[in-house]
Amino acid sequence: MGVTEAARIPQQRGEQLLDHAVRYAEERHWDVFPGTWLEAVEGREQCSCGDTDCPSPGAHPARPDWANQATGSAVAARRLWSKTPRASILLPTGRTFDALDVSESAGFLALARLERMDLPLGPVTCTPDRRMLFFVLPGAASKIPELVRTLGWVPSSIDLVARGEGHYVAAPPTRVGGRGAVQWARRPTPANRWLPDVDELLSPLAYACGREAAAERARRG
């Protein structure tokens, strides 16, 4: 079963967004909802929201009640993307997972350390704006400030954001304007079906973010 399931996890290319959305709901039991999409307007791609200065073209909610639209049903996901096949795939956080959002450089440093230490790791995405998101058990957002202080860091001094209830993340292979697509740094597999708690990942992540913040201060100083 493990090999078959791993093989069915969405690939970066070659499948319709509908297939990806359905499989996230069906195989990972993640809630999904369709966001905006990219449209060709006068020879260039523009967000379907119509804002020419959209900060996240093709990768944000298309309606204000998106939280109520999100579904964990594969049948409902198929119906939603059948109506808007080009819609981005967005995943609400705070339900089946929270996401720890850090810079790409800090994320890769932490990832290498986590793997060396053989610590549990869930799926991890890389976004076109050079961010990395580590999927952890829900509840991380409320724990982060105190945990960071316990480790000796001031939460506002490091670039580590927890996305929990009321937020969302874009799932691969959603494209963000002309910047590229969201990709997996660590793909969903049967081995990482059970997500780690934030406590298990935070020390390496906070260390990497703190190191990056110190280097930035040194450059400015």
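Reply:
**Starting from A170**

A170 touches I89, L90 and V182, leaving aside residues up to four places away in sequence; touching, or contact, means heavy atoms within 4.5 Å. This is a predicted model, in which local features need pLDDT of at least 70 and side-chain atom pairs count only at pLDDT 80 or more, while totals for chains, interfaces and linings use all residues. Residues are numbered from 1 along each chain as its sequence is written, and side-chain values use heavy atoms, with hydrogens and water left out.

Helices (H or I, at least four residues) and strands (E, at least two) are DSSP runs, numbered from the N terminus. With a relative accessible area of 18%, A170 is buried; the term buried means under 20% relative accessible area, exposed over 50%, and partly exposed in between, using a 1.4 Å probe and protein chains only. A170 and D129 sit 41 residues apart in sequence, and their C-alpha atoms are 12 Å apart in space.

**The sheet that holds β9**

Now let's step back to the strands around this residue. The strand order β1-β4-β9 describes an open sheet of 3 strands with antiparallel pairing. Because β1 and β9 each have a single partner strand, they stand at the edges, and one side of each has no neighbour in the sheet. Two strands pair if DSSP finds at least two bridges between them. For β1 and β4 (residues 89-92), there are 2 bridges in the antiparallel sense. Look for F33, whose bridge partner in β4 is L90. As background, strands of a sheet pair through backbone hydrogen bonds, either parallel or antiparallel.

**From β9 to a second sheet**

If you follow the chain on from β9, you come to P173, in the loop between β9 (168-170) and β10. The peptide bond from P172 to P173 is cis, and its omega is near 5 degrees. In general, most residues other than glycine have a negative phi, and most peptide bonds are trans.

Strand β10 belongs to an open sheet of 5 strands, ordered β8-β5-β7-β6-β10 and paired in the antiparallel sense. Its edge strands, β8 (160-163) and β10 (183-186), each pair on one side only. On average, neighbouring strands of this sheet are turned by 30 degrees against each other, direction ignored. Within the sheet, β6 (residues 124-126) and β7 (residues 131-136) form an antiparallel pair with 3 bridges. Here T125 stands opposite L133 in β7. Helix α5 (residues 104-116) packs on the sheet and touches β5 (98-103), β6, β7 and β10, with its direction at about 45 degrees to that of β7. Angles run from 0 to 180 degrees between N-to-C directions, and axes are lines fitted to C-alpha atoms, for helices over the stretch in contact.

Between α5 and β6 there is a loop, and D118 is found there. D118 is not a glycine, yet its phi is positive, near 55 degrees. D118 counts as exposed because its relative accessibility is 68%.

The loop between α2 (17-27) and β1 (33-34) holds H29. This residue, also not a glycine, has a positive phi of about 60 degrees. H29 counts as exposed because its relative accessibility is 52%.

Helix α2, by contrast, is mostly covered, with 8 of its 11 residues buried. The buried residues include L17, A21 and A25. α2 packs with helix α4 (residues 74-83) at an angle of about 160 degrees, with their axes 8 Å apart. That angle is why α2 is called roughly antiparallel to α4: under 35 degrees counts as roughly parallel, over 145 as roughly antiparallel, 65 to 115 as roughly perpendicular and the rest as oblique. On the α2 side, L17, L18, A21, V22, A25 and E26 meet A74, A77, R78, W81 and S82 of α4. This contact of α2 with α4 has 8 nonpolar, 1 polar and 2 charged residues. Here Ala, Val, Leu, Ile, Met, Phe, Trp, Tyr, Cys and Pro count as nonpolar, Asp, Glu, Lys and Arg as charged, and the others, Gly among them, as polar.
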